[in-house]
Amino acid sequence: LALKGILDKNKIKYNQFMIVQASDLKKKFEKLRLNKRNTTLASLDIEKMYPSVRFSVIKKAIKYFMENLPESKLKKIDNCLEMISFGMAFCLITFDRKYYKYNGEGESNNRVLVIGGYESAFLADLVASFLFEKFNK
């Protein structure tokens, strides 16, 4: 995941809304001393979210988190986006020891994440973080 590497190397806070472990969430909640009167809790089922995560939204999320990087990094990001677009367009699926080629649906900007895709989990989390960032502003 070259994009994740670029984000991490440049210390970009893209994961402030991501939860890696339920125990981490529990610790954060305990520190906040939440109660019913001062709290609204939102939850997303990222796996069910996959079919609604279109490439155009992934592109917006990536551009949002990487907007302040130097031009040299942006070229690398564009290359990564091209590979992601290709991966979303042509996916090999295995079932019962046979391989099937999934060509995606629609034009490239409207293709959606595939459950089980190599980068799908990271990209779905990134889009969710992007949405929370936008709601938070």
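A residue is buried under 20% relative accessible area, exposed over 50%, and partly exposed in between. Keep in mind that this is a predicted model.

**Exercise 1.** Classify Lys63 as buried, exposed or partly exposed, then find its salt-bridge partner.

Solution. 
- Step 1: Lys63 has 39% relative accessibility, so Lys63 counts as partly exposed.
- Step 2: The side chain of Lys63 meets that of Asp78 in a salt bridge, 2.9 Å from N to O.
- Step 3: Lys63 lies in helix 4 (residues 55-65) and Asp78 in helix 5, so the pair ties together parts 15 residues apart in sequence.
- Step 4: Asp78 is partly exposed, because its relative accessible area is 34%.

**Exercise 2.** The whole structure holds 2 salt bridges. Describe the one that Asp8 forms.

Solution. 
- Step 1: The partner of Asp8 is Lys4, with the closest N and O atoms 2.9 Å apart.
- Step 2: Both residues lie in helix 1, 4 residues apart, or about one turn of the helix.
- Step 3: Asp8 has 38% relative accessibility, so Asp8 is partly exposed. Lys4, at 31%, also counts as partly exposed.

**Exercise 3.** Which helix gives the most to the lining of the second largest pocket? Sort the lining by class too.

Solution. 
- Step 1: The second largest pocket has about 170 Å³ of space.
- Step 2: Helix 1 (2-9), helix 5 (71-89) and helix 6 (120-136) each supply at least two lining residues.
- Step 3: Helix 5 gives the most, with 3 residues.
- Step 4: The lining has 9 nonpolar, no polar and 1 charged residues. Among the lining residues are Leu1, Met83, Glu119 and Phe122.

Note on methods:
Residues are numbered from 1 along each chain as its sequence is written. This is a predicted model: local features need pLDDT of at least 70, side-chain atom pairs count only at pLDDT 80 or more; totals for chains, interfaces and linings use all residues. Side-chain values use heavy atoms; hydrogens and water are left out. On a 1 Å grid over the protein atoms alone, a cavity is a set of points where a 1.4 Å probe fits but cannot get out, and a pocket is an open set with protein on both sides within 12 Å along at least five of seven lines; lining residues have an atom within 4 Å of a point. Grid points are joined across faces, edges and corners, and a volume is the space filled by probe spheres set on the points. Ala, Val, Leu, Ile, Met, Phe, Trp, Tyr, Cys and Pro count as nonpolar, Asp, Glu, Lys and Arg as charged, and the others, Gly among them, as polar. A salt bridge is a side-chain nitrogen of Lys or Arg within 4 Å of a carboxyl oxygen of Asp or Glu. Buried means under 20% relative accessible area, exposed over 50%, partly exposed in between (1.4 Å probe, protein chains only).
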